[in-house]
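Grab a pencil and work through these exercises with the structure open beside you. Each one sets a task and then walks through a solution.

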Amino acid sequence: MMTGRLAAAAFYSRSAINVPLRFGVRVAPAGSRLRAARSFEGSRFIGTTTTGTTEFSSAYSRLTTFASFVAGSSLAILAYLYLSDTRASVHRHVFMPILHAAMDAEDAHKFSIWLAKHKLVPSQKVPDDIVLHTSIWGKEVSNPIMLAAGYDKNAEAIDSLLRFGFGGVEVGSVTPQPQPGNPQPRMFRLPADLAVINRYGFNSDGHDVVLQRLKKRVRAYLNQHQHDEPAQLSSVPKSLHQDKLLGINLGKNKISPAESNDDYTDGVATLGPCADYLVVNISSPNTPGLRALQRREPIEKLLKDVMEERNKLENKPPVVVKIAPDLSQTELEDIAEVVKSVGVDGVIISNTTISRPATLLSPKSVTTETGGLSGPPLHPLSLATVKRFYQLTDGKVPIIGAGGVKSAEEVLNFAKAGARMVQLYSVMAYEGPGLVDEIKRETAQILRKQGKTWNEIVGQDHRK
């Protein structure tokens, strides 16, 4: 009986195994089902773990991407803040040497103007020290350091140059008709002297082109300040920058008759309304016969004609005459008398020199080039002329000193000799835009140490 039951159990067990074969459905044995269940539970655990790991990796990736973005953005901002500041040493020690190595003097000049025109240059980030504040012709100026004419000849980059930190920018010389100037090469570096010789010859885009550029600036400014009160706009200087000046330097076309003053009077009429002051340039050594206008009779007639034309303008900008450093004592005396009698508003001393001082360190292959010499070798000549002119006019004619400024020392020399404002250009072509801030900072430090302001030291050498 027991044997029969065991046989039946075995039969049913085998039948269970064979059911799939008979009915098309596989029914696993109990042991197989247990193993399958365990395998299923394991797969659920593994699947859950894999999903969690993927989500964690995705979150970590997003986090690292965000951190990289923040770090990159921060570095970019810091780099921008550094490079956009004129005080950054990279401009002097990296960019300027590269520029000099890659280009000759004139190409580097043109490229730097292109950069400034497109606002790809640094700017001053700190306000001017109050001890540097001054005034000239009744106009307030934040500091006495100005950019001399000759750099931005055609008024292409005024705003960027003012943002270097200058108290004023002088554009030109501008001639009535466009002219190419003298043949190239016409600009030469003297690195050992931080000096330059140039014989550009008044290369100019002409009155009409420059006038349109100046008007375009005004239109853009008015568009940006269209909601300002009329009284606010009326007090804005022609530079369009508060407490800063825009000077326009007027030149003469090479083909114009020597005896005619029309080029200058036309310049006054055309460009005078756009200027905080005008400059009559009769001292460039690179236009034949121009310096002859510095003799007594020609300069007197010229300045009378210019002042007459100026008085027709509504804004009546001050008129300044720019003279050479190579004048004899008699010639300087004549100019001083004419300036006082005609009522000219000031003098810029000086233009470049045709002399070649014995102190020059550069090779004769360069120093013997024809043209005007500017930079530190010019400073003693200009300084001596400023002193003499101040004495000849009893300090009553405002003087702008120019020539060889490379540090606070030359700036203070000019001020004590009688210059109310000081211009620079040539050394900036070696040192970069940071030179402006450096000179202002050093000048302010010296003045504060002495307990004085800029206004208090002007003409100091003559009060001893």
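Two strands count as paired if DSSP finds at least two bridges between them. Helices (H or I, at least four residues) and strands (E, at least two) are DSSP runs, numbered from the N terminus. Keep in mind that this is a predicted model, where local features need pLDDT of at least 70, side-chain atom pairs count only at pLDDT 80 or more, and totals for chains, interfaces and linings use all residues. Residues are numbered from 1 along each chain as its sequence is written, and side-chain values use heavy atoms, with hydrogens and water left out.

**Exercise 1. Get an overview of the chain.**

Task: find how many helices and strands the chain has, and what percentage of its residues is buried.

Solution. 
- Step 1: count the elements, and you get 16 helices and 13 strands.
- Step 2: check burial, where buried means under 20% relative accessible area, exposed over 50%, and partly exposed in between (1.4 Å probe, protein chains only). Of the 464 residues, 48% are buried.
- Step 3: look at contacts, meaning heavy atoms within 4.5 Å. Among contacts with a separation of 6 or more, 72% link residues 24 or more positions apart.

**Exercise 2. Follow the neighbours of β10.**

Task: work out which strands pair with β10, and which residues are bridge partners.

Solution. 
- Step 1: start with β10 itself, residues 346-349. G346 and I348 point one way, V347 and I349 point the other way, and all are buried.
- Step 2: go to β9 (residues 319-323), which pairs with β10 in the parallel sense over four bridges. Here I323 has I349 of β10 as its bridge partner.
- Step 3: trace the chain from β9 through helix α10 (residues 329-342) to β10, a right-handed β-α-β crossover. Right-handed says that, with the strands pointing away from the viewer, the path from the first strand over the helix to the second runs clockwise.
- Step 4: turn to β12 (residues 399-402), which is parallel to β10 and pairs with it over three bridges. The bridge partner of V347 is I399 in β12.

**Exercise 3. Explain the setting of β7.**

Task: why is β7 described as largely enclosed by the rest of the structure?

Solution. 
- Step 1: count the buried residues of β7 (residues 245-250). Six of the six are buried, so the strand is largely enclosed by the rest of the structure.
- Step 2: check both faces. L245, G247 and N249 sit on one side, with L246, I248 and L250 on the other, and both faces are covered.
- Step 3: β4 (residues 168-174) runs parallel to β7 and is joined to it by six bridges, with N249 of β7 as the partner of G172. β8 (residues 277-281) also runs parallel to β7, through four bridges, and L278 in β8 is the partner of I248.
- Step 4: include helix α8 (residues 262-271), which makes a right-handed β-α-β unit with β7 and β8.

**Exercise 4. Compare two residues.**

Task: are R217 and K316 buried, partly exposed or exposed?

Solution. 
- Step 1: locate R217 in helix α6 (residues 207-224). R217 has a relative accessible area of 12%, so it is buried.
- Step 2: list what R217 touches, leaving out residues up to four places away in sequence: I158, D159, K238, S239, L240, H241 and L246.
- Step 3: find K316 in the loop between α9 (296-310) and β9. K316 has a relative accessible area of 44%, so it is partly exposed.
- Step 4: apart from neighbours within four places in sequence, K316 is in contact with R310 and N311. The C-alpha atoms of K316 and P273 are separated by 7.9 Å, though these residues are 43 apart along the chain.
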